[in-house]
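Hi everyone, thanks for coming. I'd like to walk you through one structure today, so let me put it on the screen.

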Amino acid sequence: MATIEWMDSFSVHNKTLDDQHKEWIKIFNRAHGQMMGEIPEDDTLEIGEAALIEMIKYAKFHFSSEEDYMKKIGFPGYEEHKRIHKAFTLKLDEISSQIQEGTFVMNSEIVKVIENWLIDHVLKEDQKYATYSR
Ligand SMILES: [Fe+2]
């Protein structure tokens, strides 16, 4: 499993949202490093969970910025995109609750799910409003 490198093809032609995507990738890469054992094993769980929480917070912040932007430009796929955000937010909330309840089990599968979602989100879903905005 690799970290994600920003590519120009990720751009949605909006500096604020591009910067947020870059920041999200940065947080993901940091979390990835922490969860994939670049720190002593005893600390991995706690730090990995903290990294996940940070990522979840950032994802939510980013979604609301993106929704505001899509609304502002009158993007016709707004409702559908919002639904996709909502579905992923529910998944993130589930992880958050498990962390808080102490029932969360960290594994590479979860990191993979988030990585795939992030790449899919930026490369496919976000490109729809990016194309519309041009
Ligand atoms: Fe996005």
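The mean pLDDT of this chain is 87, and 91% of its residues reach 70 or more. So please keep in mind that we are looking at a predicted model. Confidence is highest in helix α3, residues 78–101, with a mean of 92, and lowest in α2, where the mean is 85.

Now the overall picture. You'll see four helices and zero strands, and along the sequence the pattern reads α-α-α-α. The radius of gyration is 15 Å, close to the 14 Å that the globule rule gives for 134 residues, so the chain is as compact as a globular protein of that length. Among contacts with a separation of 6 or more, 74% are between residues 24 or more positions apart. As for burial, 19% of the 134 residues count as buried.

Let's go inside. In soluble globular proteins, nonpolar side chains tend to be buried together. Here the largest nonpolar core has nine residues: Ile25, Phe28, Ala31, Ala51, Leu52, Met55, Ala59, Phe63 and Ile114. Which elements give two or more residues to this core? They are α1, residues 15–35, and α2. The top contributor is α2, with five residues. Apart from this core lies another one, of five residues, including Val12, Leu17, Met70 and Phe75.

Have a look at alanine 59, one of the residues in the largest core. Setting aside neighbours within four places in sequence, alanine 59 is in contact with Trp24 and Leu92.

For contrast, stay in helix α2, residues 41–72, and find aspartate 68. Is aspartate 68 buried or exposed? It has 9 other C-beta atoms within 10 Å, and exposed means 12 or fewer, so aspartate 68 is exposed. Its C-alpha atom is 9.6 Å from that of tyrosine 78, ten residues apart along the chain.

Last stop, helix α4, residues 108–133. At 1.5 Å a residue, its 26 residues should span 38 Å, and the end C-alpha atoms are 36 Å apart, which agrees. Where does α4 bend? At glutamine 127, by about 45 degrees. Several residues of this helix are buried: Ile114, Glu115, His121, Val122, Asp126 and Tyr129. You've met Ile114 already, as a member of the largest nonpolar core.

Terms used: Residues are numbered from 1 along each chain as its sequence is written. This is a predicted model: local features need pLDDT of at least 70, side-chain atom pairs count only at pLDDT 80 or more; totals for chains, interfaces and linings use all residues. The expected span of a helix is 1.5 Å times one less than its number of residues. The bend at a residue is the angle between axes fitted to the seven residues ending there and the seven starting there. A residue is buried if 20 or more other C-beta atoms lie within 10 Å of its own, exposed if 12 or fewer, and partly exposed in between; C-beta atoms are placed from the backbone. The radius of gyration is taken over C-alpha atoms; the globule rule is 2.2 Å times the number of residues to the power 0.38. Two residues are in contact if their C-beta atoms, placed from the backbone, lie within 7 Å. pLDDT is the predictor's confidence in each residue, from 0 to 100. A nonpolar core is a set of buried Ala, Val, Leu, Ile, Met, Phe, Trp, Tyr and Cys residues joined through C-beta atoms within 7 Å.
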